[in-house]
Amino acid sequence: MNGKVLVTGGLGNLGSWITAKLANQGYDVYVLTRREKYQIPNIKYKVIECDITDKFNLKHKLDLINFDYCVHCASFNEYFLENYPQVALQINTLGTRNILEVLAQKNIKHFIYFSTFHVYGCLDGTITEETEPKPKNDYAATHLFGEYYVKQFFYNYGIPYTILRLTNSYGTPMYKNTDKWYLVLNNLVLNAFKNQKIILNTNGRAKRDFIWMSDICDVVSRLLDITPTNDIYNLSSGGGYEIIELANMVKFIYENRYYKKIDIMKNDNDKIVYENIFVENDKIKKLIQLQIHDKINDTISQTFDLLELKGV
């Protein structure tokens with residue numbers, strides 16, 4: 001075995017990919033989840049059911065396990081819910097602190113924290129790790145506060161860390177009953193499959209950086225093989241797609257798959273001129289080998305497969 005690794009949120013959208021990757025590599029994987037509503041097929045891991053906002057129970061559940069590593073993916077991302085600011089603060093910020101406080105009593109070799117590039121608050125231009133954080137929403141602010149706690153526990157307790165400011169991850173959900181259909185690519189595919197049309201809330205010209213989840217998993221794996229640098233890194237593809245480009249890719253695959261024509265309906269009232277945004281990944285490339293694969297088309301096809309299995 002390569003050691004014991006705790007993956008918080010390890011049954012989530014990205015966490016499930018990381019759990020599968022590390023388990024397949026021989027790590028003794030412990031998944032921390034509020035409740036085990038999903039199971040990753042054909043993957044060996046242990047489940048610890050606990051809410052990270054409950055520090056007392058967290059300490060009780062983790063007390064007797066000597067973890068070597070922690071990959072902290074647990075996060076509340078449903079920004080569209082009415083009580084989001086309060087819950088996000090409890091989970092993304094104070095939950096991160098709770099995990100760190102419990103792990104401070106153990107000999108953790110590496111704490112990997114998944115933050116977000118949204119902490120920069122930038123809508124255009126080039127973003128590097130030197131760009132000043134200016135969070136413009138609660139999702140970004142609560143993750144930036146989480147970063148501060150990661151640094152605090154390094155200074156006070158010596159927990160070695162890596163902070164990854166992730167752009168937009170994509171990949172086919174592992175479960176047919178996933179609740180992550182609001183994510184951009186998933187939502188476009190669902191729209192096409194369910195409604196035989198794609199409706200955009202904008203003019204579609206916004207450009208975003210998308211990075212494949214399997215590439216993210218490789219980054220985590222490589223980071224666990226090296227000495228932590230106690231630093232912050234952007235994790236991006238270094239490229240990007242406009243939303244309208246993604247919509248056209250979904251449309252093309254749908255029409256060739258189901259032999260039906262569908263329309264893309266843009267919001268013509270959206271007159272915003274979206275600027276180009278470029279999230280640099282040069283810094284992490286100097287640390288580890290970063291391989292980027294464009295799997296958008298494969299993911300679209302596999303997500304249609306999933307929807308057929310789900311029977312929407």
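What is the volume of the largest cavity?

Author: The largest cavity has a volume of about 30 Å³. A cavity here is a set of points on a 1 Å grid over the protein atoms alone where a 1.4 Å probe fits but cannot get out; the points are joined across faces, edges and corners, and the volume is the space filled by probe spheres set on them. By this rule, 1 cavity of 30 Å³ or more is counted. Its lining, meaning residues with an atom within 4 Å of a point, consists of Asp215, Asp218, Val219, Arg222, Gln289, Leu290 and Gln291.

The model is predicted, so that local features need pLDDT of at least 70 and side-chain atom pairs count only at pLDDT 80 or more, whereas totals for chains, interfaces and linings use all residues. Residues are numbered from 1 along each chain as its sequence is written, and side-chain values use heavy atoms, with hydrogens and water left out.

In one of them, Lys180 meets Glu78 at 2.7 Å, N to O. Lys180 lies in the loop between β8 (168-170) and α5 (184-195) and Glu78 in the loop between β4 (69-72) and α3, so this pair ties together parts that are 102 residues apart in sequence. Helices (H or I, at least four residues) and strands (E, at least two) are DSSP runs, numbered from the N terminus. Both Lys180 and Glu78 are buried, that is, under 20% relative accessible area, with exposed being over 50% and partly exposed in between (1.4 Å probe, protein chains only).

Tyr182 also belongs to the loop between β8 and α5. This tyrosine counts as partly exposed because its relative accessibility is 23%. Setting aside residues up to four places away in sequence, Tyr182 touches Asn77, Glu78, Phe80 and Asn187, where contact means heavy atoms within 4.5 Å. Its C-alpha atom is separated by 28 Å from that of Ser221, 39 residues apart along the chain.

Helix α7 (residues 243-258) contains both Lys251 and Glu255, 4 residues apart, about one turn of the helix. These two form a salt bridge whose closest N and O atoms are 2.7 Å apart. Lys251 is partly exposed at 21% relative accessibility, while Glu255 is buried at 14%. Arg257 has a salt bridge of its own with Glu308, at 3.0 Å, N to O. That pair links distant parts of the chain, with Arg257 in helix α7 and Glu308 in helix α9, 51 residues apart. Arg257, at 26% relative accessibility, counts as partly exposed, and Glu308 likewise, at 40%. Elsewhere, salt bridges that share partners join Lys55, Arg97 and Glu101 into one network.

Thr303 is found in helix α9 (residues 296-310). Thr303 is buried because its relative accessible area is 1%. Not counting residues up to four places away in sequence, its contacts are Thr172, Pro173, Trp181, Asn186 and Val189.

Leu94, by contrast, lies in helix α3 and is partly exposed, with a relative accessible area of 30%. Together with Leu89, Phe145 and Tyr148, Leu94 forms a nonpolar surface patch with about 350 Å² of accessible area. Both α3 (84-103) and α4 (138-157) supply at least two residues of this patch. Patch members have over 30% relative accessible area and no salt bridge, nonpolar side chains (Val, Leu, Ile, Met, Phe, Trp, Tyr) being joined within 5 Å and like charges within 9 Å; areas come from the Shrake-Rupley method with a 1.4 Å probe, only the protein chains shown counting as cover for residues.

Methods. A salt bridge is a side-chain nitrogen of Lys or Arg within 4 Å of a carboxyl oxygen of Asp or Glu. On a 1 Å grid over the protein atoms alone, a cavity is a set of points where a 1.4 Å probe fits but cannot get out, and a pocket is an open set with protein on both sides within 12 Å along at least five of seven lines; lining residues have an atom within 4 Å of a point.
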